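Hi everyone, thanks for coming. Today I'd like to walk you through one protein model, piece by piece, so please have a look at it with me.

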Amino acid sequence: MVLTTTSIRESEESLHCTFASRYVQGPLPKFKIPKKSMPKEAAFQIVNDELMLDGNPRLNLASFVSTWMEPECDKLIMSSINKNYVDMDEYPVTTELQNRCVNMLAHLFHAPVGDDETAVGVGTVGSSEAIMLAGLAFKRKWQAKRKAEGKPFDKPNIVTGANVQVCWEKFARYFEVELKEVKLKEGYYVMDPAKAVEMVDENTICVAAILGSTLTGEFEDVKLLNELLTKKNKETGWDTPIHVDAASGGFIAPFLWPDLEWDFRLPLVKSINVSGHKYGLVYAGVGWVIWRSKEDLPDELVFHINYLGSDQPTFTLNFSKGSYQIIAQYYQLIRLGFEGYKDVMENCLANTKVLTEGITKMGRFDIVSKDVGVPVVAFSLRDSSKYTVFEVSEHLRRFGWIVPAYTMPPDAEHIAVLRVVIREDFSHSLAERLVSDIEKILTELDTQPSRLPTKAVRVTAEEVRNDKGDGLHQFHMDTVETQKDIIKHWRKIAGKKTSGVC
């Protein structure tokens, strides 16, 4: 949710119609309900004309969210768009489809569930709600244990990397949990398992690992984290668990790297969240959280609904929501199957390589994303003395591309990168076109005067020739300071709009 910032003066502004003037003669108030109604044709034209200035979702390379589904699924979505998911008595089949999805994902993630057993999980509004629910379950379990032991339970904390998505910060703030972040460093942009385990104490409700960092797409080493944390638990007598935030990677790793151990095959992994609306290939609005077993979800958090004479447990922070995302997810799971998902992910990986090779050949960028991970290409300028990745991002919009530029979290803030997310609808030809457009922009920027202050472009290269051997260190420090000056300057220009990443 974006909070409104409309002022009193702005609320008096009017909306002037174009083609809709055939139906509506006078201007319309922008921020107040019109006094009179209008023809449906006029309302459609007014809204449609305004939406023309939105970006093209297919060219929005900032987002992981799916922007295309098959026409058959679109029909299913439209036919169920008026169904309220929470009306389980009225729409029992939709509830059944959710339960089937939960079981399919639990088996995909190797949950210890028998063929005739029911998995524990729930559909959510994206991974943000899923993380809230998983975090709340960890907090309640930790509190219950501390109470039983007669120990204080008022200062819970959670250990994550500084590269976590903002929903983890929301969870910590909303549910009063201290967020302990492992800082990043240049060249290593994910959580260090060893440092994470060092930060664990008796008040740690869980360690959150990310399977697919939003910054670079890289998978964190959950297996190593499990080994180190198991050792510490034995030494201390604690039982600190792991949650895996697989929002992006949960629908990728099982199909591309099935032997990679990150899921419920690791004993300390108690819950996993995944976004159906990312590489689950469903439109925005659906996520999932799966628990290892019933023991990992405190029953006090579960509400029980009489569902056609039987008990239907429910655990959610939302109430009314559409059913179509659940239906669309089930469609994709049975339509594609394991083979279909594998084909889609292999195609995404192939297009990632095409784009990576094209950008590398320019000789102007360093690739910071990894080969194993989410299909993402993250790259930084080798020389930011004349222009920055923020300017490249800005110029790409002229060609219709939406490519985010951002700085890394602490302690790698001096690194600024561009990031391209490769989704199912990003083709080989689009990758080639993007490379071509970037080359055009760089050629153009090379001929333009720098928009950066003199201080920001100064790099004392003569120190490299220092005979005492410390010149390279001095050069590196000046380069880092230069990057910081550039980023500070650009944030002023951009109004801090490029400081986040999703």
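This is a predicted model: local features need pLDDT of at least 70, side-chain atom pairs count only at pLDDT 80 or more; totals for chains, interfaces and linings use all residues.

Let's start with two helices. Helix H2, residues 71–79, and helix H9, residues 324–362, have axes that come within 9 Å and cross at roughly 150 degrees. Angles over 145 degrees count as roughly antiparallel, and H2 and H9 are therefore roughly antiparallel to each other. The crossing of H2 past H9 is right-handed. Which residues make the contact? On H2 they are Glu72, Cys73, Leu76 and Ile77, and on H9 they are Tyr324, Ile327, Ala328 and Tyr331. Seven residues of this contact of H2 with H9 are nonpolar, one is charged and none is polar.

Now for the strands. As a reminder, strands of a sheet pair through backbone hydrogen bonds, either parallel or antiparallel.

Please find the open sheet of seven strands, with mixed pairing and the order S3-S9-S8-S7-S6-S4-S5. Which strands stand at the edges? They are S3 (120–124) and S5 (178–182); each has a single partner strand, so one side of each is left without a neighbour in the sheet. From one strand to the next, the twist averages 20 degrees.

At the S5 end, the pairing with strand S4, residues 157–161, is parallel and has five bridges.

Helix H3, residues 92–108, lies across S3, S8 (269–275) and S9 (287–291), at about 60 degrees to S9. Helix H4, residues 126–148, packs on the sheet as well, where H4 touches S3, S6 (204–210), S7 (242–245), S8 and S9. The direction of H4 makes about 25 degrees with that of S9.

My last stop is strand S13, residues 376–381. Is S13 buried or exposed? Six of its six residues are buried, so S13 is largely enclosed by the rest of the structure. S13 pairs with strand S12, residues 365–367, in the antiparallel sense over three bridges, and there Ile367 has Phe379 of S13 as its bridge partner. S13 also runs antiparallel to strand S15, residues 416–421, with four bridges joining them.

Definitions and conventions
Residues are numbered from 1 along each chain as its sequence is written. Side-chain values use heavy atoms; hydrogens and water are left out. Axes are lines fitted to C-alpha atoms, for helices over the stretch in contact, and angles run from 0 to 180 degrees between N-to-C directions. Angles under 35 degrees count as roughly parallel, over 145 as roughly antiparallel, 65 to 115 as roughly perpendicular and the rest as oblique. A crossing is left-handed if the near helix is turned anticlockwise from the far one by less than a right angle, and right-handed if clockwise. Contact means heavy atoms within 4.5 Å. Ala, Val, Leu, Ile, Met, Phe, Trp, Tyr, Cys and Pro count as nonpolar, Asp, Glu, Lys and Arg as charged, and the others, Gly among them, as polar. Buried means under 20% relative accessible area, exposed over 50%, partly exposed in between (1.4 Å probe, protein chains only). Two strands pair if DSSP finds at least two bridges between them.
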